[in-house]
Amino acid sequence: MFGGHFYHEKTKKAVALFGRLFNNLYVVRKNSSGAVISQLKVPLSYAPKAKYLERIRENPDLQDDTRVAIKLPRMSFEITSIAYDPTRQLAKTGNFTTAASTGENTKRQKFFNPVPYSINFQLNAYAKSQDDALQIVEQILPYFQPSYNLSVNLVGAINEKRDIPVILENITMQDDYEGDFESRRVLMYTLRFTAKTYLFG
C-alpha cells in the first residue's frame, strides 16, 4: 500500500528552527557597583535532560580522572512527542496543483493537503545561580504571548510558505539545593513548547 520514497524534512526543519530561537542568549555578570565583569553566551545543544543532569553532576577528580564537569549556564532541548492535531484537519481528499520550474522545463505537480501535527519540545536551562537562570528565562518569556509565529517554507520545490506557531505551554523549576555541601547545586528551568506544523505526502 505504501511506496515511493519521499522525504520533505519537515520534522528536521522544525527542530532546527526551534533551536535557532534560543541560540543567541547571554548571561551578564556585574559587580556590586553595577559594572559588567563578564558576558557569557549560553551554549545550546540537542540532548535529553537525563543525560545532561548526569554529566553536570559528575564529580571530577583531577588526580585520578580526566572527566570534567559541564560548565554552567547551559541549555538543551529535545522532542518529547509528536501527535496528530485534529483541530486543524483539512479535507483528506483535497489537493492542489502547482507549476514547478526545473531549468527550462515546467511541469505541474499534484500535492494532497498537508496533515497537521503538533511537535512537543522541552527546553531545559541549567544554571548554578538563580540570577543566571532568571536572566535566561526573562530573555525568552516576553516573546511568547503565549505563541511566537515562525514563517517557514515547508516545501521548497513548490515554495509553500506557512506560519508555524510555537506555543509556550508551561514552565517548571527544579532546585537541587537540599544535599550535602560537597554536592554541586544545579538550578533547572524546564519550558515546554508545542510547534503546530504540517507534514506533506
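Tutor: Thr 194 lies in strand S10, residues 187–199; helices (H or I, at least four residues) and strands (E, at least two) are DSSP runs numbered from the N terminus. This is a predicted model, in which local features need pLDDT of at least 70 and side-chain atom pairs count only at pLDDT 80 or more, while totals for chains, interfaces and linings use all residues. Residues are numbered from 1 along each chain as its sequence is written, and side-chain values use heavy atoms, with hydrogens and water left out.

With a relative accessibility of 8%, Thr 194 counts as buried (buried is under 20% relative accessible area, exposed over 50%, partly exposed in between, with a 1.4 Å probe and protein chains only). Its side chain makes two polar contacts of interest here: one with the side chain of Asn 120, at 2.8 Å, and one with the side chain of Glu 169, at 2.9 Å. A polar contact is a pair of N or O atoms within 3.5 Å; within protein, one must be able to donate a hydrogen and the other to accept it, and residues adjacent in sequence count only if both atoms are side-chain atoms. If you set aside neighbours within four places in sequence, Thr 194 is in contact (heavy atoms within 4.5 Å) with Ser 118, Ile 119, Asn 120, Pro 165, Val 166, Ile 167 and Glu 169.

Now step along to the nonpolar packing. The largest nonpolar core has 30 residues, and those with the most contacts inside it are Phe 18, Phe 22, Phe 121, Leu 123, Ile 136, Ile 140 and Phe 193. The elements that give two or more residues to this core are helix H1 (10–21), S4, S7, H3, strand S8 (147–155), strand S9 (160–175) and S10. Such a core is a set of buried Ala, Val, Leu, Ile, Met, Phe, Trp, Tyr and Cys residues joined through side-chain atoms within 4.5 Å. Leu 123 shows how its parts meet: leaving out neighbours within four places in sequence, Leu 123 is in contact with Phe 18, Phe 22, Leu 44, Ser 76, Phe 77, Ile 140, Tyr 189, Thr 190, Leu 191 and Phe 193.

Helix H3 (residues 130–138) has Asp 132, Ala 133, Gln 135, Ile 136 and Val 137 as its buried residues. These pack against strand S1 (26–30), S4, S7 and S10. On helix H1, Gly 19 is buried, with a relative accessible area of 8%. Not counting residues up to four places away in sequence, Gly 19 touches Leu 44 and Phe 77. Gly 19 and Glu 78 are 59 residues apart in sequence, yet their C-alpha atoms are 9.3 Å apart in space.

Phe 18, Phe 22, Tyr 46, Phe 77, Phe 121, Tyr 143, Phe 144, Tyr 148 and Phe 193 form one aromatic cluster. The structure holds eleven aromatic pairs. One of them is Tyr 46 with Phe 77, edge-to-face at 5.2 Å centre to centre and 90 degrees between the planes. Tyr 46 lies in strand S3 (residues 44–46) and Phe 77 in strand S4 (residues 74–84), so this pair ties together parts that are 31 residues apart in sequence. Rings of Phe, Tyr and Trp (its six-membered ring) pair if their centres lie within 6.5 Å; planes under 30 degrees apart count as stacked, over 60 as edge-to-face and the rest as tilted. Tyr 46 is partly exposed, with a relative accessible area of 46%, whereas Phe 77 is buried at 7%.

Tyr 84 and Tyr 117 also form an edge-to-face pair, with 5.6 Å centre to centre and 75 degrees between the planes. Tyr 84 lies in strand S4 and Tyr 117 in strand S7 (residues 115–127), so the pair ties together parts that are 33 residues apart in sequence. Tyr 84 is partly exposed at 35%, and Tyr 117 is partly exposed at 26%.

Finally, look at Tyr 198: the charged end of Arg 88 sits over its ring, 4.8 Å from the centre, and Arg 162 lies over the face of Tyr 198 at 4.9 Å from the ring centre. A charge sits over a ring if NZ of Lys or CZ of Arg is within 6 Å of the ring centre and within 35 degrees of the ring normal.
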